[in-house]
Protein chains: 2
Amino acid sequence: MSVKINPDLQKERNTATFVPEEFTVWWKGGQKKYEQILALEEMFLNDPELKDDLPISYMSHKELYEHAIRKSVRIAEKIREIRNNGEDNVETYNALLGGSLGTALLKEGNPMALHFVMFVPTIMGQGTMDQQVEWLSKAWDCSIIGTYAQTELGHGTFLRGLETRADYDEKTQEFVLNSPTITSYKWWPGGLGQTANYAVVVAQLFTKGEFRGLAPFIVQVRDEETHMPLPGIDIGEIGSKLSMKSVNQGYLGFKNVRIPLNHMLMKNQQVLPDGTYVPPKNSVLTYGTMMFVRVALVRDAAMALAKASTIACRYSAVRRQSPIDPKEPEPQIMDHTTQQLKVFPIIAKAIVFKANGENIWNMYNTITAEVEKGALDRLPEMHALSCCLKAIVSADAAAGVETCRLSCGGHGFMDSSNFPTLYGMATAVCTYEGENTVMLLQTARYLVKVYGQALNGVKLVPTVAYINEAVKTKEFRNFDGSMESIVRAFQFVAANKVRIAYERMEQRRKQGYGPEVSANMCGIELTQAADLHGRAFLASSALYELTKLSTQVSKALAEVLMVILELYLVDACLNRLGDFLRFIDLTDSDVSNLELRLQNCLKRLRPNAVAMVDGFGIHDRILDSALGVYDGNVYERMFEEAKKSPLNKEPVNQSFHKYLKPFMKANL
Amino acid sequence: MSVKINPDLQKERNTATFVPEEFTVWWKGGQKKYEQILALEEMFLNDPELKDDLPISYMSHKELYEHAIRKSVRIAEKIREIRNNGEDNVETYNALLGGSLGTALLKEGNPMALHFVMFVPTIMGQGTMDQQVEWLSKAWDCSIIGTYAQTELGHGTFLRGLETRADYDEKTQEFVLNSPTITSYKWWPGGLGQTANYAVVVAQLFTKGEFRGLAPFIVQVRDEETHMPLPGIDIGEIGSKLSMKSVNQGYLGFKNVRIPLNHMLMKNQQVLPDGTYVPPKNSVLTYGTMMFVRVALVRDAAMALAKASTIACRYSAVRRQSPIDPKEPEPQIMDHTTQQLKVFPIIAKAIVFKANGENIWNMYNTITAEVEKGALDRLPEMHALSCCLKAIVSADAAAGVETCRLSCGGHGFMDSSNFPTLYGMATAVCTYEGENTVMLLQTARYLVKVYGQALNGVKLVPTVAYINEAVKTKEFRNFDGSMESIVRAFQFVAANKVRIAYERMEQRRKQGYGPEVSANMCGIELTQAADLHGRAFLASSALYELTKLSTQVSKALAEVLMVILELYLVDACLNRLGDFLRFIDLTDSDVSNLELRLQNCLKRLRPNAVAMVDGFGIHDRILDSALGVYDGNVYERMFEEAKKSPLNKEPVNQSFHKYLKPFMKANL
């Protein structure tokens with residue numbers, strides 16, 4: 001069946017100056033990865049058992065869970081198949097459990113995801129060789145399903161606050177697990193509610209009556225045959241949420257639950273049978289996993305923005321509304337400058353985040369390799385960078401999705417646009433894996449420290465080297481509006497924000513406050529400094545990565561990429577104009593020029609905007625949006641989706657006869 | 001049963017310096033209105049038929065609709081009772097159908113609301129006396145249920161783009177209604193899907209083959225006995241959405257549907273039996289309803305922020321996390337400066353929006369009274385003001401709700417926090433009743449026009465009089481940081497933003513572009529000018545209203561109100577710092593002083609923050625939040641809510657036996 005393409009959309013494609021597929025190959029990580037992804041999409045999206053008849057937004061909570069279990073089992077079966085063929089790799093799990101494909105298959109989340117992405121890796125990372133032998137084959141085979149239980153009802157970011165206790169009993173060589181308070185109940189772990197039968201539980205370890213720190217334990221929570229909760233285990237799901245409704249996040253309380261000694265994961269720290277505690281040698285390595293996850297989140301943010309801008313951009317080409325010239329028919333809304341300002345910077349941001357994601361991914365790998373050789377000195381830098389970038393890109397991604405949604409008017413409000421789900425997922429990232437404000441404060445702590453070093457003449461590591469410059473130069477000169485000067489200006493502004501945080505902290509110290517209290521009093525300055533540091537990094541890294549990329553592609557694509565880069569930088573600068581004007585002596589005409597350049601960038605991107613989002617190469621099933629379909633038959637698709645509503649399956653709903661009619665006739 | 005108050009929350013209440021109830025009386029609109037509201041709450045919240053056993057987030061779409069019909073009928077019965085007792089007034093309908101109480105009763109919206117708030121008023125406003133006699137008693141009695149069908153699948157804000165046709169057939173003295181295209185289907189009207197049997201339909205009127213403009217028609221869409229759709233009527237619901245899931249928004253298409261001549265609402269324009277068209281005398285009066293609704297939305301925005309900040313503030317007093325001083329226990333998170341920066345400005349904004357709502361409500365009434373005497377000259381000013389305020393307060397309310405939600409960490413993500421619903425409702429306002437960007441452009445059109453007048457020496461009307469000043473004074477002097485000077489600075493900045501929009505428009509005109517094309521090219525400048533105009537109004541009106549209020553209350557309350565005012569103004573200024581620094585020569589120490597004052601305001605509000613939100617006087621059932629409960633027993637409530645999940649009603653879900661177990665055992 002050949003599908004008619006909406007003529008407005010076809011026109012956009014006909015007049016584009018570059019070939020989207022060339023961009024797609026870079027976006028997907030190179031030809032080979034691109035093909036792997038296509039093969040996975042083929043294998044999973046065409047499986048009839050993984051297609052939905054009824055959109056999940058019509059299901060009850062319970063139906064949704066049962067639906068999710070059916071599908072997650074089907075996905076796990078196929079993963080098992082791939083694994084048995086020896087064809088699995090990290091990308092497979094990423095794509096199917098966390099990535100776009102996984103989300104397309106199970107829109108509100110996979111209740112078994114944490115088994116693969118947390119339970120198995122934790123055993124690998126923290127179990128001894130014996131423990132790995134014992135548990136990994138069962139886990140890989142899925143003859144047990146696990147999750148990772150750390151967060152508690154009253155305790156999140158601050159790990160040392162966790163209250164769950166594991167007391168070692170030498171007499172029986174067992175740990176006794178207890179949840180002493182309501183706030184100590186485990187709360188949030190995915191799959192914990194009704195799905196998993198095992199969990200890695202993080203608890204306060206006590207041996208010989210003494211507190212030893214936190215430790216991870218493997219705990220069976222449900223019977224392997226009957227799935228009934230085991231004695232002493234109080235377990236269930238935490239209830240409905242803004243998004244990720246089918247992840248089956250759970251709560252878990254313990255009452256004198258006994259587990260054998262060898263169920264504590266002992267690679268890093270040990271408890272001997274007599275209760276002797278052997279502490280871990282090096283705690284710095286636990287940075288690793290958190291950094292890895294945060295780096296991955298930068299790439300996810302790029303994807304969220306790519307999806308949102310694809311929907312908004314295509315719809316903006318199809319939708320006609322509000323005449324510009326009263327003599328002409330209603331134009332494509334993409335011709336309204338205000339619409340361009342909403343959508344195009346998000347396209348640019350998607351690409352810049354993607355380029356940055358690659359950049360810090362490489363940096364992470366370099367530093368991890370150094371760490372494995374024992375060189376730990378770049379770890380704090382990388383930690384600081386990953387924290388603020390996590391905060392910035394997640395906040396920007398959530399805001400960007402909403403900007404795109406709102407640019408689609410009322411229709412963006414419908415579930416068939418897919419924006420509600422996209423937002424639910426994007427905004428969740430602001431909180432999980434380190435709440436954003438906490439992340440910024442972590443970065444800021446590092447920045448203030450290195451600022452002090454810079455004052456003392458210490459040469460700083462690459463990502464903060466700009467602070468060395470700024471300490472020397474009090475004034476920023478020669479702002480010529482070039483992209484290089486915008487990047488330098490960003491760094492200068494960031495350095496001054498760090499300076500202010502540093503100086504205010506010093507003032508508070510001189511007033512007699514301790515370091516922690518001073519830091520709290522300067523919390524606003526600190527978070528702002530970290531924000532600017534991250535944004536300066538994004539700007540400089542965008543300049544570097546996209547300039548480099550443009551030398552490796554066709555001239556046509558290179559030209560568009562340069563527009564994207566300029567748009568990103570000018571927009572970023574105008575969005576922080578207060579900081580720029582505070583520290584840099586820009587004239588009114590400098591500002592006017594930036595504003596006019598922004599408009600000029602929008603105008604230059606206009607003819608290639610649709611081609612650019614086509615270049616993201618997002619499968620219609622993955623985009624899952626009536627407004628964003630590749631063929632542009634938006635209204636037909638909206639109608640099709642509406643017809644799926646169970647209320648539309650019968651001409652008269654029973655509630656008419658039961659409630660409405662008796663009421664309407666009551667006065668007659 | 002006496003309930004134990006959380007000690008941290010009790011401590012806050014014990015140490016507050018003012019009595020919240022004094023503030024509550026003002027917030028509720030005076031003692032008399034307060035008592036009316038309490039009486040309504042008593043009557044409706046205690047009705048056992050209006051209580052829910054199962055939280056709606058667990059229901060399927062269809063269950064939710066049937067639940068909503070049951071409850072909306074019960075609400076309508078009680079309204080009928082109140083009406084029959086002659087005790088109904090505008091406030092009753094506001095409270096029960098649009099207001100907080102209505103939302104508490106039917107969280108995702110009332111499918112019969114549009115009957116009362118649009119169908120009935122439209123007949124009253126646009127029907128002739130005969131038509132009112134014919135239709136109103138049936139409508140008031142609810143022996144027919146109507147809705148208002150204007151927006152179409154392809155046409156929203158730009159009314160003249162509507163495609164539904166009503167062709168007058170003189171031979172039978174009937175109109176023939178048709179939906180010529182898919183984009184002409186009515187789309188979005190509340191209650192249209194399965195609920196209403198009548199609708200006011202706005203269509204293109206043709207008589208004698210000529211297009212006459214838009215006109216409203218009363219159309220029966222379903223049989224009064226069977227509720228079956230009538231011949232030629234294609235009707236259903238549009239499907240699931242981000243929020244307002246039980247409003248039953250519908251679509252509607254016509255195929256040669258014939259209605260009698262007297263079903264056109266003819267107060268303003270007429271069609272005579274022979275097809276002669278009599279046009280309306282004055283179209284300016286249709287401004288009225290739209291302005292009314294937008295003015296009401298300012299008050300709704302205040303309420304949204306009051307709810308969100310109540311939840312966040314109480315939770316911030318109860319939640320303890322992340323030590324400030326490592327020697328101390330984890331503090332209430334409200335002691336973190338960064339947390340204060342999230343929550344306290346939202347409290348201030350709620351109060352400022354409320355005060356503004358009262359202010360423009362009075363202005364609206366004054367101007368409406370003038371209009372009724374034939375004086376139309378302040379109408380454009382009021383229209384311009386209501387447009388930009390609608391855009392600003394709805395955008396700020398949505399953003400404020402999210403800031404509060406995120407300030408509650410992961411728990412804000414749960415439906416039991418009520419944040420997801422609050423956000424869904426708040427963000428919807430950005431789009432309905434005039435999409436925000438379109439609103440800002442409407443205001444800007446007015447501003448640019450009056451700017452030209454000011455250049456010609458015309459004395460402008462009150463809300464734009466500051467432009468007269470700015471045209472004379474090129475430089476802003478004497479910024480002393482006082483609240484008055486912040487307000488004047490806001491006006492100066494707004495005037496300069498208007499100037500830039502005006503000048504850039506002029507430039508485009510000189511380059512040969514027509515006025516509309518120039519306006520589109522300057523869309524960014526125009527929307528920014530309108531935004532600053534609205535913010536300058538909010539600032540000046542906040543100063544005026546809150547200063548006035550503080551002279552009418554106890555000294556203790558007055559002091560807190562002045563902190564609120566200062567916090568609002570300083571925060572607003574720092575949020576537009578780029579604009580301030582561009583047009584006003586502030587020194588670095590001016591900026592530092594503003595920043596330190598912001599921190600000082602946060603510190604001063606800290607002891608009274610909980611008392612302030614207590615002062616909003618929001619009933620626990622209306623707040624509907626486990627995190628925001630008055631007694632502060634947050635964790636117990638979260639648990640209670642979790643236990644309501646249907647998945648927690650049985651120890652093992654059937655999907656274990658059906659899918660999970662066979663899969664887990666497959667490899668053994």
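Reply: Let's begin with a term we'll need: a salt bridge is a side-chain nitrogen of Lys or Arg within 4 Å of a carboxyl oxygen of Asp or Glu. Keep in mind, too, that this is a predicted model.

With that rule in hand, look across the interface of chain A and chain B: 14 salt bridges turn up there. One of them you can find for yourself: the side chains of A:Arg504 and B:Glu595 meet, with N and O 3.0 Å apart. Now, which helix gives the largest share of the side of chain A that touches chain B? That's helix H4 of chain A (residues 61-84), which supplies 11 residues. Sort the residues on that side of chain A by type and you get 58 nonpolar, 47 polar and 36 charged. Polar contacts cross over as well: the interface of chain A and chain B has 68 residue pairs of that kind, both residues being at pLDDT 80 or more.

How much surface is involved? For chain A and chain B, the buried area is about 12000 Å², and carbon and sulfur atoms give 60% of that. Counted by residues, 141 of chain A are in contact with 140 of chain B.

Next, how do the two chains sit relative to each other? In general, two copies of a chain are related by a rotation about an axis and a shift along it.

For a bit of context, step back from the interface. Over all chains, a search of the whole structure finds 90 salt bridges. One inside chain A joins A:Arg320 to A:Asp8, their closest N and O atoms being 3.0 Å apart. A:Asp8 is in helix H1 of chain A (residues 7-15), while A:Arg320 lies in the loop between helix H9 (287-318) and helix H10 (337-372) of chain A, so this pair ties together parts that are 312 residues apart in sequence.

Methods:
Residues are numbered from 1 along each chain as its sequence is written. Chains are lettered from A and ligands numbered from 1 in the order in which they are written. This is a predicted model: local features need pLDDT of at least 70, side-chain atom pairs count only at pLDDT 80 or more; totals for chains, interfaces and linings use all residues. Side-chain values use heavy atoms; hydrogens and water are left out. Contact means heavy atoms within 4.5 Å. Buried area is the accessible area (1.4 Å probe) that two parts lose on being put together, summed over both. A polar contact is a pair of N or O atoms within 3.5 Å; within protein, one must be able to donate a hydrogen and the other to accept it, and residues adjacent in sequence count only if both atoms are side-chain atoms. Helices (H or I, at least four residues) and strands (E, at least two) are DSSP runs, numbered from the N terminus. Ala, Val, Leu, Ile, Met, Phe, Trp, Tyr, Cys and Pro count as nonpolar, Asp, Glu, Lys and Arg as charged, and the others, Gly among them, as polar.
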